[in-house]
Structure formats: structure tokens, C-alpha cells
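The following exercises concern a single protein chain. Please work through each task before reading its solution.

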Amino acid sequence: MNEKDKVAVFDFDGTLIRGDSFIEFAVYVHGWSRFIISLLKCSHRLILYKLKIYSNNKTKEYVFGKLFKGIPLNSFNNYARQFFIDNAGRILRAEAVACLKEHKSCGNKVIIVSASPSNWIIPFADALGVDKVLSTEVEIDDKGCLTGRFSNRNCYGKEKVSRIKTILPEREAYYMYAYGDSRGDKEMLEFADEGYYRIFNNIC
């Protein structure tokens with residue numbers, strides 16, 4: 001029997017990078033003052049989220065809209081590229097990058113699966129030689145500006161597994177490694193043949 005194709009899936013926030021890229025990117029674009037003011041304006045939604053009245057998806061979308069609604073997509077993507085240039089060396093996790101590169105050297109397909117928008121992940125993914133990014137996507141209006149909403153479901157929890165299945169529908173056809181660091185990665189780690197929570201293994 002032929003050996004199965006091997007796939008390595010990595011969460012982004014807290015796994016490939018240190019911290020939360022949503023916060024890092026928002027502060028990079030707006031500065032701390034405006035970021036904190038925007039959070040205060042969202043405080044009622046954040047409280048309802050903590051009380052489990054509002055979903056993770058709706059809460060994240062609401063905060064995202066307060067920060068980025070109306071920004072032209074070109075400008076948003078330019079911020080994303082510059083964010084990578086200015087911050088990659090500081091926030092990339094060395095042990096995660098080493099693990100990812102090892103998978104690449106073994107010929108394994110590498111995928112990032114993240115709840116963050118792909119716009120600021122893609123520059124990192126391109127630099128690391130990642131094969132595919134599965135993520136939350138921003139919605140664009142007919143003028144080419146961000147509506148402040150997402151065009152698909154927040155790629156969190158069970159949604160991460162659903163996204164993986166869209167590009168790898170035959171589960172028995174591949175062997176999967178998964179790396180994550182939070183509750184949002186639980187289902188993805190359980191779906192993998194080898195799931196690693198806040199650790200990185202040597203696979204070659």
C-alpha cells in the first residue's frame with residue numbers, strides 16, 4: 001500500500017506568531033489610543049459575548065467593523081504587507097517556523113488555518129512557503145472598500161475542520177499533523193492523526 005500524503009496544518013495566532021495578530025494589526029494601523037477607544041465603544045457587545053449571548057463570530061465581526069469599515073481594500077492590503085515587513089522578525093515564533101520548514105523539507109503540504117483575515121496572514125504565508133491559507137475573509141463593497149463584515153464564517157473551532165475538508169475531502173487519503181494553542185484549535189487537533197498543543201515535534 002502506498003504511503004499516505006502528509007499534511008501539516010498550523011494555527012496562526014499564538015502558534016506561528018506570538019500573541020494575537022488581530023490586536024497587533026489593529027494597533028499597527030490605528031495606534032493604541034484609537035484601538036482602546038474602539039474597544040470601549042464595543043464594550044457592551046464584549047460583555048454579551050462573555051455572557052454567551054453573542055457568538056464569537058458576531059462579536060469579532062462587530063469589533064472588526066468598528067476598526068476597519070470603509071477602508072479601501074488596496075490600502076488595507078498595503079497595511080498588511082507593511083505589517084509583515086515591520087513585525088515578522090519580532091512576532092514569528094522561531095520553533096514554529098523551524099517545525100514548518102521541516103515539514104516543507106520532507107515534502108509535506110503545509111496549510112495555515114486561522115480565524116484571522118487572510119489579508120495580513122498571506123504575506124507571512126508567502127515568505128514561509130505555505131501552500132494554502134484557510135481563514136476568515138473580509139467582505140468588500142462595490143466601491144472596493146471593506147464593509148466591516150466577513151464574507152464567510154469565522155474560521156474558529158469546528159469551522160477549521162470544515163475548511164480543511166473543503167480542500168481535503170477524503171480523510172483516509174492523507175496523514176495529518178496539526179499545531180495549535182487555544183480552545184479555537186481543539187476540534188482541528190482532534191481531527192488530526194497527530195495533534196500538538198503548544199508544542200512542536202520533529203517529524204523527519
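**Exercise 1.** Determine whether Glu159 is buried or exposed, and find which salt bridges its side chain forms.

*Solution.* Step 1: Glu159 has a relative accessibility of 15% and therefore counts as buried, where buried means under 20% relative accessible area, exposed means over 50%, and partly exposed lies in between (1.4 Å probe, protein chains only). The model is a predicted one, in which local features need pLDDT of at least 70 and side-chain atom pairs count only at pLDDT 80 or more, while totals for chains, interfaces and linings use all residues. Residues are numbered from 1 along each chain as its sequence is written, and side-chain values use heavy atoms, with hydrogens and water left out.

Step 2: A salt bridge is a side-chain nitrogen of Lys or Arg within 4 Å of a carboxyl oxygen of Asp or Glu. Arg153 meets this condition with Glu159, their closest N and O atoms being 3.5 Å apart. Glu159 also forms a salt bridge with Arg163, at 2.8 Å from N to O.

Step 3: Glu159 and Arg163 are four residues apart in helix 7, so about one helical turn separates them. Helices (H or I, at least four residues) and strands (E, at least two) are DSSP runs, numbered from the N terminus.

Step 4: Arg153 is exposed, because its relative accessible area is 58%. Arg163, at 11%, is buried.

**Exercise 2.** Find which residue forms a salt bridge with Asp11, and state where in the chain the two partners lie.

*Solution.* Step 1: The partner is Lys160, and the closest N and O atoms are 3.0 Å apart. This pair links distant parts of the chain, with Asp11 in the loop between strand 1 and helix 1 and Lys160 in helix 7 (residues 158–167), 149 residues apart.

Step 2: Asp11 counts as buried because its relative accessibility is 5%. Lys160 counts as buried at 2%.

Step 3: Asp185 joins Asp11 and Lys160 in a network of salt bridges. The structure holds 12 salt bridges.

**Exercise 3.** Describe helix 5 by its span, its buried residues and the elements against which they pack.

*Solution.* Step 1: Helix 5 (residues 94–105) has 12 residues. From its first C-alpha to its last it reaches 16 Å, close to the 16 Å expected at 1.5 Å a residue; the expected span is 1.5 Å times one less than the number of residues.

Step 2: Ala96, Val97, Cys99, Leu100, Glu102 and His103 are buried in helix 5. These buried residues pack against strand 1 (5–10), strand 2 (109–117), helix 6 (118–128) and strand 6 (174–180).

Step 3: His103 has a relative accessible area of 0% and is therefore buried. Among the residues that His103 touches are Ala8, Val110 and Tyr177, not counting residues up to four places away in sequence; contact means heavy atoms within 4.5 Å.

Step 4: Just after helix 5, Gly107 takes a positive phi of about 85°.

**Exercise 4.** State in which sense strand 4 and strand 5 pair, and describe the turn between them.

*Solution.* Step 1: Strand 4 (residues 138–140) and strand 5 pair in the antiparallel sense over two bridges. Two strands pair if DSSP finds at least two bridges between them.

Step 2: Phe150 in strand 5 is the bridge partner of Val138.

Step 3: The two strands form a hairpin with five residues between them, and Gly144 in the turn has a positive phi of about 80°.

Step 4: Strand 5 (residues 146–150) is mostly covered, with four of its five residues buried.
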